[in-house]
Amino acid sequence: MSVQTEPYEGLEEILPEASKVFMSNTATGGVGAPKLREGQREVAAETSRPVFVPEKPIGDHEKTLKAHKEDKPQKTMEMNGLAPVPDSYDYDLIVIGGGSGGLAAAKEAAKYEKKVMVLDFVKPTPQGSSWGLGGTCVNVGCIPKKLMHQAALLGQALQDARKFGWQFTEEVKHNWMTMTESVQNYIGSLNWGYRVALRDNKVTYENAYGEFVGPHTIKATNKRGVEKLYTAERFLIATGERPRYLGIPGDKEYCISSDDLFSLPYCPGKTLVVGASYVALECAGFLAGLGLDVTVMVRSILLRGFDQDMANKIGEYMKEHGVNFIREFVPIKVEQLEEGTPGRLKVTAKSTKGDQIIEGEYNTVLLAIGRDPCTRKIGLDKVGVNINEKTGKIPVSDEEQTNVPYIYAIGDILQDKLELTPVAIQAGRLLVRRLYAGATTKCDYVNVPTTVFTPLEYGACGYSEETAMEKFGEENIEVYHSHFWPLEWTVPSRDNNKCYAKIICNIQDNERVIGFHVLGPNAGEVTQGFAAAIKCGMTKEQLDNTVGIHPVCAEVFTTLSVTKRSGENTLVSGC
């Protein structure tokens with residue numbers, strides 16, 4: 001900082017320690033009104049000589065003293081050319097984003113009698129889809145996805161039923177509209193339940209778009225364009241992510257995303273799914289399970305970031321069950337051939353390995369190529385919050401604090417953190433307890449279990465095989481594995497030796513289990529229980545000493561004896 005006009009030699013004497021603290025902290029919003037007044041009164045009492053920084057006068061005894069006699073510290077700050085800081089705040093905490101994490105944090109803060117507001121606003125998709133309170137998971141993610149996955153599993157169960165003695169002659173068909181209406185009715189009840197829960201907890205809710213406009217200040221704009229300003233001592237950003245588009249001709253005009261699929265008012269028909277993420281494979285899986293013609297176009301590998309041994313097994317299973325795969329191609333153009341519900345689209349794609357061009361016709365094109373954080377248009381630049389310019393993700397401390405002390409962030413928008421609903425919920429609740437209840441527990445982002453609801457479900461906790469090798473060295477890990485055949489699948493005689501179990505152990509740490517992976521029915525239920533044991537430091541010996549429940553899929557983990565290193569056969573011939 002350069003001091004211009006008449007330099008003052010005794011600047012350090014003029015500005016006592018208390019006032020230097022108040023001014024530096026005011027700039028970052030770290031001090032409340034009482035300290036602000038105290039610091040300003042000290043400055044007012046000790047000097048009437050203004051200091052120019054640069055070319056803006058700070059000080060002046062008469063003006064400052066007059067402002068303090070009126071008890072208007074904010075006016076003093078504005079008069080002296082500094083950023084205005086509210087004298088008092090409208091709320092203790094404002095949460096930007098009404099998804100699972102944001103709502104959990106808001107309700108937790110209300111428990112400690114804090115004044116809390118939630119701002120939530122859904123910008124419609126290019127196809128016009130929007131939804132209510134609750135965020136991605138409830139409206140266009142986990143909940144409808146799992147329900148539609150269940151619909152597909154019921155179709156398979158109907159086929160199995162004949163082998164178990166059930167007799168029915170009527171042709172079985174699936175009605176898309178009945179399913180979506182039932183799913184949306186359930187989601188609507190959840191939306192209403194969230195609003196009631198906020199009201200019961202005395203949390204203010206506004207269906208408005210939040211955007212920072214200055215220190216401790218946010219602008220809320222509702223769907224009618226009405227703007228309001230609110231201030232808060234602290235803010236929590238929990239805005240989540242939205243699907244990414246390809247940036248090619250016709251993508252936003254004719255393609256849909258997962259934000260549209262679950263409320264689509266017609267059966268999608270022959271569908272091209274673009275992408276290899278878990279969203280892509282889950283949607284492709286249940287659409288195929290409902291009897292639709294489904295093709296997945298993959299740029300490179302399946303399920304990037306997951307164990308590739310397991311990912312490839314999922315791909316093989318889906319292919320055997322009727323899902324088509326186009327490998328190493330990306331769309332370059334989407335054209336409409338015929339309007340309708342569904343219509344007809346022509347997709348032109350180019351090889352990632354050369355100049356080969358292919359074309360195909362589909363009724364629906366579903367893009368599932370990734371998601372982008374909703375962080376670039378909420379005014380973070382106006383308050384100085386750092387983001388990763390390439391990804392839009394927000395770097396935070398191990399306490400979910402951004403570089404601006406009064407602003408925190410949780411959920412999918414965090415840099416280098418897991419993008420899972422339960423993680424956001426846990427992080428939000430623990431953050432609030434640290435802020436308002438004197439707690440010290442931090443969110444643990446290690447050994448978090450998850451499940452991919454593909455037709456053959458995949459549950460995982462801990463390290464993938466590739467990551468474990470990279471971190472500990474191939475010679476220091478032991479992989480135990482086995483195929484298994486669920487008893488329920490034996491009578492219909494289907495999918496023998498398609499289910500698979502694998503654990504990864506650290507040899508140098510008493511064969512502690514550092515990775516858990518299972519492909520099979522109810523994989524999420526199986527994984528959840530073992531995740532608790534892994535959190536407690538479970539070893540291979542402890543797993544071996546556990547008595548299995550017979551006959552269930554999970555018991556295979558108590559009898560694993562074949563290592564990958566041995567190369568021995570893992571196929572089974574019975575339950």
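Trainee: Does Val 491 count as buried, partly exposed or exposed, and at what relative accessibility?

Mentor: This is a predicted model, in which local features need pLDDT of at least 70 and side-chain atom pairs count only at pLDDT 80 or more, while totals for chains, interfaces and linings use all residues. Residues are numbered from 1 along each chain as its sequence is written, and side-chain values use heavy atoms, with hydrogens and water left out. Buried means under 20% relative accessible area, exposed over 50%, and partly exposed in between, with a 1.4 Å probe and protein chains only. Val 491 has a relative accessibility of 39% and therefore counts as partly exposed, at 39%.

Trainee: Where in the chain does Val 491 lie, and which residues make the nonpolar surface patch with Val 491?

Mentor: Val 491 is placed in the loop between α17 (487–490) and β23 (499–506), where helices (H or I, at least four residues) and strands (E, at least two) are DSSP runs numbered from the N terminus. A patch is made of residues with over 30% relative accessible area and no salt bridge, like charges being joined within 9 Å and nonpolar side chains (Val, Leu, Ile, Met, Phe, Trp, Tyr) within 5 Å, and the areas come from the Shrake-Rupley method with a 1.4 Å probe, only the protein chains shown counting as cover for residues. The patch covers about 360 Å², and the residues that make it with Val 491 are Phe 164 and Trp 166.

Trainee: Which charged pair involves the loop between α17 and β23, and how many residues apart are its partners in sequence?

Mentor: A salt bridge here is a side-chain nitrogen of Lys or Arg within 4 Å of a carboxyl oxygen of Asp or Glu, and the side chains of Glu 320 and Lys 498 meet in one at 3.2 Å, N to O. Glu 320 belongs to helix α13 (residues 308–320) and Lys 498 to the loop between α17 and β23, so the pair ties together parts that are 178 residues apart in sequence.

Trainee: Is Asp 259 buried or exposed, and which residue is its salt-bridge partner?

Mentor: The relative accessible area of Asp 259 is 2%, so this residue is buried. Its side chain meets, in a salt bridge of 2.8 Å (N to O), that of Arg 242.

Trainee: How many salt bridges are there, and which residues are linked in a network of them?

Mentor: By the rule already stated, the count comes to 32 salt bridges. The network links Asp 307, Asp 309, Lys 313, Glu 465, Lys 502 and Lys 564.

Trainee: What is the strand order of the open sheet formed by three strands, and which are its edge strands?

Mentor: Two strands pair if DSSP finds at least two bridges between them, and by that rule three strands form an open sheet with antiparallel pairing in the order β14-β15-β16. Each edge strand pairs on one side only, and these are β14 (329–338) and β16 (357–362).

Trainee: How many bridges pair β6 with β7, and which residue of their hairpin takes a positive phi?

Mentor: β6 and strand β7 (residues 217–222) pair in the antiparallel sense over six bridges, and in β7 the bridge partner of Gly 210 is Ala 220. The hairpin has two residues between the strands, and the residue with a positive phi near 60° is His 216.

Trainee: How many aromatic pairs are found, and what is the geometry of Phe 121 and Tyr 209?

Mentor: Rings of Phe, Tyr and Trp (its six-membered ring) pair if their centres lie within 6.5 Å, planes under 30 degrees apart counting as stacked, over 60 as edge-to-face and the rest as tilted; a search of the whole structure finds ten such pairs. Phe 121 and Tyr 209 lie 6.3 Å apart, centre to centre, with 90° between the planes, and the pair is edge-to-face.
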